[in-house]
Amino acid sequence: MLAVTATSLRRVVRDRTALFFMVLLPIVVILVIGATVSNVTEFRVGIVGAVGAVGAVGAGQGLGTDLVADLVAELDASPAVQARPHGDEAAARTALRRGELDAVLVVPAGTDAALRAGEPVTMPILAAGPESSQQAVRSAVAGVVADFGSRLMAAGFVADSLGGTLDERLPEVTRLQDRVPAVAVRTETVDASSDFLPFGFGYSAPTMLVLFVFINSLAGGAAIIQTRQLRIYERAMAAPVRARDLVLGETLSYFTLGLLQSLLIIVVGGAVFGVDWGDPLAAAALVLVWVLVGTGAGMLAGTVFRTPEQAAAIGPALGIAFGMLGGTMWPLEIVTPAMRAVGHAVPHAWAVDGWIEVLSRGGGVLDIGPQLAVLAGFAAVLLTLASLRLGRRLTA
């Protein structure tokens, strides 16, 4: 059994194409999808009417020489905003439509004089994209503007009460604000949990683990077909070797390859992309049971397809189709209930549900018990069918 396993593993290691699909391609896909669906942490905001304002004064210094420059500098210093001055509103709108900007803040002419006079100023914010993104960028800009406006009001009040000018009192108010303890406001949703995987690499890493372990297992069925065509099994059976030893050897080789690929994705996801895999015991249970599912599927493919070319061509296509149905490329929560039910006819959906429970809800082994049970059932059926079919072919 161990000799068969070692031989199969050496064959894969020497196959550069197989190594590409097992090692390099999953990492590339994780990187691309993770970068595509990452959370936006800094909004690109074009500032119209304040060209050259960024960098004119230090952020938050409140020097008062140019209030608009102070405001734009504070916007740029905010961790949620990246200020980009534009001299032409039409050009800024074009950049917004092209996706080069997330929003445009229009600073009307005479804003500096109006602020010094204590008059209200309206600065429109132009945003595009989903409503949630528009609300987020509006909140980020409005928070900085509100903070700046409160300092202006305080400086004006001090100037009116104690004398002096706004330019003189604004630095004092700014320094005082830095020393006054801030009141933190925390928002928490009670008794609610997310049904989606985390954004970014926290989404792409576990779903690509599910997808590629299954796809590469199906494509690996070509190795069993090649072994049969070369009559290696027949020569092995001529020796005092039992058919079940050969079956167990092939099973162990598929299981080892799936486990190694899973560990590679976990290590790279955690070390390079910063993925938090949740409860270690629950994550290990999901990986092991999913590798068993892939092992059964790969061995069954080796007994169903007639040629290695069929296994290499049809196997990945089936794996991608099952992955799409099972939610490895998009959450099943965004599809209709009927499609969600159809998706749970394949094991991928149950594996993704398990990762959702572990990563989004902090679940443990007991929390993913139903998913593990269903996946174990899939694994048992696939492994049984594959073992019986391969054993029958060996003894026929």
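This note walks through a predicted model, point by point.

1. **Ground rules.** Residues are numbered from 1 along each chain as its sequence is written. In this predicted model, local features need pLDDT of at least 70, side-chain atom pairs count only at pLDDT 80 or more, totals for chains, interfaces and linings use all residues, and side-chain values use heavy atoms, with hydrogens and water left out.

2. **Confidence.** Helix 12 has the highest confidence, at 91. Helix 2 (residues 16-36) has the lowest, at a mean of 68. Residues 51-65 have pLDDT below 50. Beyond near neighbours in sequence, that stretch has 36 contacts in the model (heavy atoms within 4.5 Å).

3. **Overall make-up.** The chain holds 16 helices and four strands. These are DSSP runs, numbered from the N terminus: helices are H or I with at least four residues, strands E with at least two. Of the 396 residues, 41% are buried. Buried means under 20% relative accessible area, exposed over 50%, partly exposed in between (1.4 Å probe, protein chains only). Among contacts with a separation of 6 or more, 74% join residues 24 or more positions apart.

4. **Two cores.** A nonpolar core is a set of buried Ala, Val, Leu, Ile, Met, Phe, Trp, Tyr and Cys residues joined through side-chain atoms within 4.5 Å. The largest has 47 residues, and Trp290 and Trp355 touch the most other members. Helix 12 gives the most to this core, with twelve residues. A second, separate core has 24 residues, including Ile47, Leu71, Leu105 and Val137.

5. **Helix 12 against helix 15.** Helix 12 (residues 280-304) and helix 15 (residues 347-360) pack at about 170 degrees, with axes 10 Å apart. Axes are lines fitted to C-alpha atoms over the stretch in contact, and angles run from 0 to 180 degrees between N-to-C directions. The pair is therefore roughly antiparallel, a label for angles over 145 degrees. Among the residues that meet are Leu286, Trp290 and Val293 in helix 12, and Ala351, Trp355 and Val358 in helix 15. By class, this contact has ten nonpolar, two polar and no charged residues.

6. **Val365.** Val365 lies in the loop between helix 15 and helix 16. Its relative accessibility is 30%, so Val365 counts as partly exposed. Leaving out residues up to four places away in sequence, Val365 touches Asp279, Leu281, Ala282 and Leu372. The C-alpha atoms of Val365 and Pro280 are 9.3 Å apart, across 85 residues of chain.

Definitions and conventions:
Parallel < 35°, antiparallel > 145°, perpendicular 65-115°, else oblique. Nonpolar A, V, L, I, M, F, W, Y, C, P; charged D, E, K, R; others polar. pLDDT = per-residue confidence, 0-100.
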